[in-house]
Amino acid sequence: MREPAAVFLAAAALGLAGAAPGVTTGDAGELAAASAVLGVAHAPGYPLYALSARAFGLLLPFGAWTWRLNAFSAVLGAAALALFAAALRRWGFSPAARLGATAVLGLAPAWRGASSVTEVFALHAFCACLLLWLASSERVLDDGPAACLGLVFGLSLANHQTMALVLPALLFLGAARPRALACAALGAAAGFALYAYLPLRAAASPPLDWGHATTPSAFLHVLLRRDYGSFALTTDGAGAFGLPELARQLWRGLAALGPVAAPLALAGAVLWPRPSRLPLAVPAAWLLLAGPGFLLLGRPGFDAQTAGALERFSVLPLVGAALLAAGAFERLRLAAPVLAAAAFFVAPPAGARGDFLAHDYGRALLNALPPGATFVMDGGDDTFYSLAALKWAHGLRPDLALADRGGVVFPGFYGADFRRLPRALKEERRRVVEAPLAEAGRLWYSTLNPGLLPGRELVAGGLVRRPAPFPEAAALDETLAVRPGASGAYRDRALAAFVPFSRGVAALDRDRADEAVSWLALVGETAPEALWVPPAVSYALGVAGWRALKAGDHALAERAYRAAAALDAGSAEACTNLGALLDQTGRRDEAEAWYREGARRDPRSARPWAALGALEWARGRYDRAAEAFSAAARLEPGQPAHAGWADAARRKAGGVR
C-alpha cells in the first residue's frame with residue numbers, strides 16, 4: 001500500500017498546487033452550478049459528476065465552491081494514478097515500469113489540465129483506472145468481482161459515455177466466462193440506472209435543467225445527445241466521410257497523445273513482454289478505440305474551436321498509451337527512470353493556478369448590471385456558465401434574472417413550449433417577451449448582434465448592451481478588470497478577445513472611430529482563429545471605416561478596411577470596401593487587385609464584380625467592364641442593373657472598336 005499512497009500524495013500535492021482558483025472557461029461553470037443546485041448539465045446530463053461533486057463540495061469545509069470542485073479534480077486525478085500504479089503491480093510489472101508509466105500518464109498535459117479545473121474528465125480518468133484495478137484482480141471472473149466491475153462500468157457511463165469505447169478491451173479479460181459476463185452486465189445495468197437522476201431532478205425544475213427530461217421522449221433526447229447528433233462532438237455534427245478525412249482523424253488521434261506518450265506507446269506495442277499477465281490486446285484495443293476510434297466515429301471538424309475542445313478527450317486513450325508504455329519500460333528497465341524524468345522536461349506539468357479569466361469576466365458582467373436587471377444572453381457558453389457558477393454556486397446577485405435566447409441553458413423564460421416552436425415563431429415569442437422589459441428599462445444583453453431587438457438600437461458599454469433610449473442616469477458600466485487566462489487555450493483566447501471587442505464597439509457607439517479601430521485590430525491579434533472573431537470584428541471594422549470615410553479621414557478608413565480584409569479571409573465585403581476607397585483616391589491598380597481578391601474569396605458575391613465593372617468603365621476598358629458586369633448579373637439575376645450595364649459596356653466596346 002505504500003507505493004500507491006506515495007503516488008497519491010505526490011500527485012495530489014502537484015494537482016492542488018496547480019488547481020485553478022475559481023471558475024474557468026469551458027464547461028466548468030455549468031458543472032459547478034449543476035452540482036451546487038443538483039441540476040442537469042448539457043446532454044447527457046452527467047449525473048455521476050453532479051452527485052459526487054456535490055458530496056465532495058459539501059464535505060470539504062473551506063474555499064469557494066468552484067475552488068472545491070477544482071480540488072476535487074486534483075484529488076480524483078491523484079487517486080486515478082494510485083489505482084493505475086496498483087493495477088500495474090498486480091499484473092506483475094517491475095517498479096521501474098510502474099514508475100515510468102505512471103509518470104508518463106500523470107505528467108501528460110491533458111491529464112494535468114483535467115486535474116486542475118472543474119470538468120468531468122478527472123472523474124472519467126478515475127473511473128477508467130478503477131476499472132483497470134478491478135480487472136487486474138486474479139478473482140475478476142468470480143461472480144462478485146465481475147458484478148463490481150460491471151457496476152463501476154455502468155456508473156462510469158453515467159459520467160461520460162465514451163467509456164463504452166473501452167468495453168472491447170475489458171472483454172478480452174473475461175470473454176471465456178459467460179457467467180462472469182452475465183454478472184458484469186447486471187452490475188452495469190445497476191450503475192447505468194443512475195440516469196434516473198435526469199427525470200427526478202428535472203421534475204423539481206432546478207435553475208439548470210437541460211432538456212427538461214420529464215417525459216420518455218425528452219429523457220431519450222438528452223440521454224442520446226440528440227442535440228449533437230449522438231455520435232458527434234458538437235452541434236455542427238460529424239464531418240466528412242472519406243479515406244483522406246479518416247486518415248487525418250487517425251493521425252490526429254495518435255498525435256493527441258503528445259511527444260512522450262505516443263512514441264513510448266508504439267515502443268511498448270513492439271517490445272511487449274511475453275509472457276505477461278496482461279494481454280497486449282487489452283492496452284492496444286483501449287488506446288485505438290478510445291483515441292482514433294472515437295475520432296473516426298464522431299469525425300469532429302478541424303476548426304480551431306473543435307481542436308481546442310479535443311485535448312481533454314485524450315485523457316481516456318492516454319490510459320491505454322501509459323499501459324503500453326509500461327511494456328516498453330519493462331523491457332528497458334534501466335532507462336525507465338531517465339525516460340520518466342524526460343517526460344517532465346518535454347511536457348512540464350501545467351496548471352491553472354493563475355487562471356482568473358472566466359471569474360473576472362463573470363464578475364465584470366455582474367458589476368455592469370443594475371439591481372433587478374434581466375440579462376439575456378445570445379450565445380456564448382462562457383457567458384452562460386461563468387454567470388451560472390457565480391449566481392448559483394457562489395450565491396452572487398440573486399436579484400438578477402438570467403435567460404438565454406435559445407431557451408436551453410436557462411429554460412422557461414420564453415415559455416415551456418418555446419423549444420418546440422418553429423424558427424419564425426421563436427423570433428416572435430422573443431420579441432413579445434423582451435419588448436416590455438426593454439420599455440421598463442430592465443433589459444440587458446450579451447450579444448454580437450447589434451440588431452437583435454427589432455426597432456431598438458443596442459448601445460454597447462463594458463461587456464453588455466442595452467436597448468436605447470434609456471435614462472442618462474442608467475449609463476453602462478465600462479469597468480473591465482479582466483485578467484488573461486493562464487492556459488492560452490482556444491477558449492481562453494476567444495473569451496479574452498471579447499474584452500477589446502467590447503471596447504471597440506462601445507467606442508463606435510460614441511463616434512470615436514479612431515479608438516474603435518485600435519481596439520478592434522487588437523481583437524484580431526488576440527484570437528484570430530476564434531470562430532466568432534472574423535465575422536463580428538470585420539463587420540465592426542467596416543462600420544468604423546464607413547464612419548471614418550464620412551468624416552473625411554481616408555487614412556483611418558483604409559486602416560479599418562485593411563484590418564477587416566486581413567482578418568476575414570472568407571469574405572468579399574472588406575476587400576470591396578477597400579477597393580472602393582482606393583478607387584476614390586486614384587489608386588486604381590490597387591483597387592482592381594482588391595476587387596478581384598474579393599471575387600476570389602467569395603465566388604458567390606456579385607458586389608466585387610459590379611465594382612470592378614464600374615472601375616473598368618471609368619478606365620474606358622469597356623470590354624473588361626462588360627465581362628465584370630456580366631459576372632455580377634449571373635450571380636445576382638434579380639438585379640437587372642448589372643445586365644443593363646453589361647449591355648451598355650458591350651455597345652461602348654463596339655463603338656470604341
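Predicted model: local features only at pLDDT ≥ 70, side-chain atom pairs only at ≥ 80, totals over all residues.
1. Cysteine 183 is in no disulfide either, with the nearest cysteine sulfur, that of cysteine 148, at 12 Å.

2. Burial of these cysteines. Are cysteine 127 and cysteine 183 buried or exposed? Cysteine 127 is buried, at 5% relative accessible area. Cysteine 183 also counts as buried, at 16% relative accessibility.

3. Alanine 43. This residue sits in the loop between α2 (28-37) and α3 (47-59). Alanine 43 is buried, with a relative accessible area of 2%. Which residues does alanine 43 contact, leaving aside neighbours within four places in sequence? They are Trp210, Val222, Arg225 and Tyr228. A further pairing concerns aspartate 227: its C-alpha lies 7.8 Å from that of alanine 43, although the two are 184 residues apart in sequence.

4. The largest nonpolar core. It holds 175 residues. Phe84, Trp111, Trp286, Phe501 and Trp532 touch the most other members. Take tryptophan 532. Neighbours within four places in sequence aside, tryptophan 532 is in contact with Leu448, Ala494, Ala497, Phe498, Phe501, Val523 and Val537. Phe501, one of those contacts, is itself on the list of residues touching the most other members.

5. As background, nonpolar side chains tend to be buried together in soluble globular proteins.

How values were computed. Residues numbered from 1 in each chain as written. Heavy atoms only, no water. Buried < 20%, exposed > 50% of the residue type's maximum accessible area, 1.4 Å probe, protein only. Disulfide = S-S within 2.5 Å. Helix = DSSP H or I, 4+ residues; strand = E, 2+ residues; numbered from the N terminus. Contact = heavy atoms within 4.5 Å. Core = buried A, V, L, I, M, F, W, Y, C linked by side-chain atoms within 4.5 Å.
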